[in-house]
Amino acid sequence: MKIQNTMTGNKENFQPIHNNRINLFVCGPTVYDDSHIGHARTYIAFDVVARYLKYKGFSVFYLQNITDVDDKIIQRAAETGVSPRSLARKFEQRYLEDMRALGITNVNYYARATENIPEIISQIERLSELGFAYETETGVYFDESRFGDFGKLSHQGAEALEKHRIEPDSTKRNPGDFSLWKKRQDGEEVTWDSPWGKGRPGWHIEDTAITENYFGAQYDIHGGAMDLIFPHHEAEIAQMEAASGKKPLVRYWMHTGFLNVMNEKMAKSLGNFTTIRDMLREYEADAFRFFVLLAHYRSPIDFSEKALEQARKSLERIRQAAKIIEEQLEKAPESSAPEQMDPAVALAKAKFLESMDNDFNTPYALKAVFDLVREVNRRINEKTISQTGLQDASEQLREFGEILGLSFYEVGKRPAEKTDAIADNLIELLIETRQKLREKKEWQLADEIRAKLSELDIVIEDAYEGVGKYTTKGSTIG
RNA sequence: GCCAAGGUGGCGGAGCGGUUACGCGGCUGCCUGCAGAGCAGCUAUACUCCGGUUCAAAUCCGGACCUUGGCUCCA
């Protein structure tokens, strides 16, 4: 397996620290608001990474932090008149709901910053003792000049880091020094006792405190989006490597590309964001996941209605094939002797795994799925596929789906689909009437009803079976 | 200014030294009372520009141009 490592800029052979055990950490959310679909992109990407590593037989401990103490939380809480703690709990809850709705189910543990305060303090104390940290009247800071490797992840030298857009705290020795502990400002209620008086942790320290607590000073994979490379991940490296004296903190740094809108980064500060909740009112979760997996995790992707619609249709193509295969299987008797795997299925599987082994190349893996689908469809039409072949294809599609976290065997549901029993019954009645007209070959009137209903966004599709079923435009409900 | 990621057919998006990517769309056929859906086949002057290396370059090297992001809030 190969993984593109941000640290070296190269694709490297994956070699876990402890044989079969993989420690994976991905930066979690700051819970002061609902998460947007840019977050979703990153978490879906790492959900698939975790799924695939597990599929390969690794034992994966996927850890995520929850930043539940932070400037933005305090600010938002003050604005809305609730306590920072209850605000954080509320949005943490909503975040977890969003993740569940997106099928992101592989995080083993979510660690709150506020539940790791002793570990945070211990790490800062060690840094102070080793001379990497200093105290001022506003807080405790990491002394960047004492850590020679600062900038190695973002490939920047010390000179480049002199530049700054935001005015640094005046008590710091260097503009590049970052906060480990923030001393209490007047009136602040969220504080903990520490050797430096009351205060709260800085932004970066919680992650290394958490990973040290659960993984130790070194671990396998750290993930996050591109924008965290600097300063956040750089700071994590500085803190932990300085405190432990062990290098590297992380073997493989994986960073996801942004989700853009009209070629611009989706960000709360730009106000161009769509929350996961809002998106899921419009689209099926799997359609969004498919959209995400259609591009490599490192590539930027542009979110648009059109792109989502394309993704939805592409996903439907696979589901349609899965459905046809199931139908064919029902028609024929079970075949007893499972001999060799169907060559087309074996080839698809090999290509799929090869693609995933190559830095989780999901678009290329999907190509293998589409190739299989086309091949199987063709052979069904030509009646040249055996029962075992169908069985193999069916099982293989199911496995592909599990690895990618997509359900190829379930009809998609739109969460926001409203059900209205009376309207439903009326439509059914119309359809039944129309069906009778069709049986009498009263085509003109039957077609007229279909056309009129279509104007009302109710689509009837005549087929062998499924009479009496309808869909509303844009939905996938059968 | 420094660092990073990009610029591929009508659209999305792989490939990164030689063979059809794939999907969406379009076209044709099959199916169907018709339409749609579905399936198959076909389709595309495609690789930002200029040099260079090579028998061979989207792919490697050099140089431009453009887009986006990071440079202490960011998934």
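1. The ring count for this predicted model comes to 22 aromatic pairs, where rings of Phe, Tyr and Trp (its six-membered ring) pair if their centres lie within 6.5 Å, and planes under 30 degrees apart count as stacked, over 60 as edge-to-face and the rest as tilted. Take tyrosine 109 and tyrosine 214: the ring centres are 5.4 Å apart and the planes sit at 45°, so this pair is tilted. It links distant parts of the chain, with tyrosine 109 in strand S5 (residues 109-112) and tyrosine 214 in helix H5 (residues 205-214), 105 residues apart. Helices (H or I, at least four residues) and strands (E, at least two) are DSSP runs, numbered from the N terminus.

2. Tyrosine 109 is partly exposed at 34% relative accessibility, and tyrosine 214 is partly exposed at 32% (buried is under 20% relative accessible area, exposed over 50%, partly exposed in between; 1.4 Å probe, protein chains only). Both tyrosines also belong to one aromatic cluster with Phe25, Phe61, Phe215 and Tyr219.

3. Now for phenylalanine 132 and phenylalanine 142: with centres 6.1 Å apart and planes at 10°, the pair is stacked. Phenylalanine 132 counts as buried at 13%, and phenylalanine 142 does too at 0%.

4. On charges over rings (NZ of Lys or CZ of Arg within 6 Å of the ring centre and within 35 degrees of the ring normal): arginine 398 lies over the face of tyrosine 409 at 3.9 Å from the ring centre.

5. Housekeeping: local features need pLDDT of at least 70 and side-chain atom pairs 80 or more, while totals for chains, interfaces and linings use all residues. Residues are numbered from 1 along each chain as written, chains are lettered from A and ligands numbered from 1 in written order, and side-chain values use heavy atoms, leaving out hydrogens and water.
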